[in-house]
Amino acid sequence: KNIGKLVNLKYIDISFNNLKALPSSFSKLTNLETIIAENNMIKALPSNFGSLKKLKKLNLRKNKIVELPKDFPELTALEDLNLRENRIIEIPAEIIKLENLVHLDLTGNKIVEVPNVSKLTKLEVLKLTDNRIVEFPKNVSKLLNLKELYLNDNRIIVLSDKISELSNLEKLEMEYNKITDIHPVIFEQTK
């Protein structure tokens with residue numbers, strides 16, 4: 001509970017423990033740039049988590065998080081967000097405020113729909129594998145810096161022609177979906 005006294009702390013790794021929550025005193029660690037807390041039992045983040053304005057990397061892989069706190073979009077310095085293998089059902093629309101995100105991993109959650117992420121213009125890697133997504137996220141086509149897109153193990157039926165707008169895409173993984181149709185324009189060469 002007194003962790004808030006470590007005001008100069010920039011990096012903390014508290015992975016592979018039995019934490020059910022992060023103490024609210026985390027909000028006092030305003031110099032934190034990296035938090036790694038994977039493989040715990042964290043169900044929620046403190047409500048004042050958005051005060052960590054210098055946070056660049058947040059790894060909460062393999063926890064039990066269902067939703068993000070309301071002030072989460074205030075983490076505007078965040079570049080790398082790993083929420084892989086949690087219990088997230090919905091990505092909050094306010095995620096678009098995290099304009100410095102380069103890497104976003106939401107693999108292994110329960111997400112059905114992807115909100116408008118078109119303002120995440122710095123995003124290079126988007127991992128949405130092993131969710132419940134049924135439709136190719138149309139607004140993803142606006143992510144012109146996207147190099148890697150992972151949509152495997154979902155419920156997508158049609159590979160949308162919007163994907164052809166991702167001119168910098170180097171890697172696309174869509175195995176184990178329910179794809180029955182691939183739009184022909186995807187493979188046409190631009191002149």
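Start by selecting Phe-16, which is exposed because its relative accessible area of 61% lies over the 50% cut-off. Keep in mind as you look around that this is a predicted model. Phe-16 sits in the loop that links strand E1 (11-13) to strand E2 (34-36). Check its backbone torsions while you are there: phi of Phe-16 is near 55°, a positive value in a residue other than glycine. For context, most residues other than glycine have a negative phi.

Next, select Lys-62. You will find Lys-62 in the loop between strand E3 (57-59) and strand E4 (80-82). Phi is near 55° for Lys-62 too, again positive in a residue that is not glycine. Is Lys-62 buried, exposed or partly exposed? Its relative accessibility is 35%, so Lys-62 counts as partly exposed, given that this class runs between 20% and 50%.

Now switch to a cartoon view and bring up the strands. Eight of them form an open sheet, with parallel pairing, in the order E1-E2-E3-E4-E5-E6-E7-E9. Which strands stand at the edges? They are E1 and strand E9 (171-173); each has a single partner strand, so one side of each is left without a neighbour in the sheet. As you step across the sheet, the twist averages 5° from one strand to the next.

For a last stop, zoom in on E4 and strand E5 (residues 103-105). These two run parallel and are joined by three bridges. Select Asp-80 and look across to E5: the residue standing opposite is His-103.

Note on methods: Residues are numbered from 1 along each chain as its sequence is written. This is a predicted model: local features need pLDDT of at least 70, side-chain atom pairs count only at pLDDT 80 or more; totals for chains, interfaces and linings use all residues. Side-chain values use heavy atoms; hydrogens and water are left out. Helices (H or I, at least four residues) and strands (E, at least two) are DSSP runs, numbered from the N terminus. Buried means under 20% relative accessible area, exposed over 50%, partly exposed in between (1.4 Å probe, protein chains only). Two strands pair if DSSP finds at least two bridges between them. Axes are lines fitted to C-alpha atoms, for helices over the stretch in contact, and angles run from 0 to 180 degrees between N-to-C directions.
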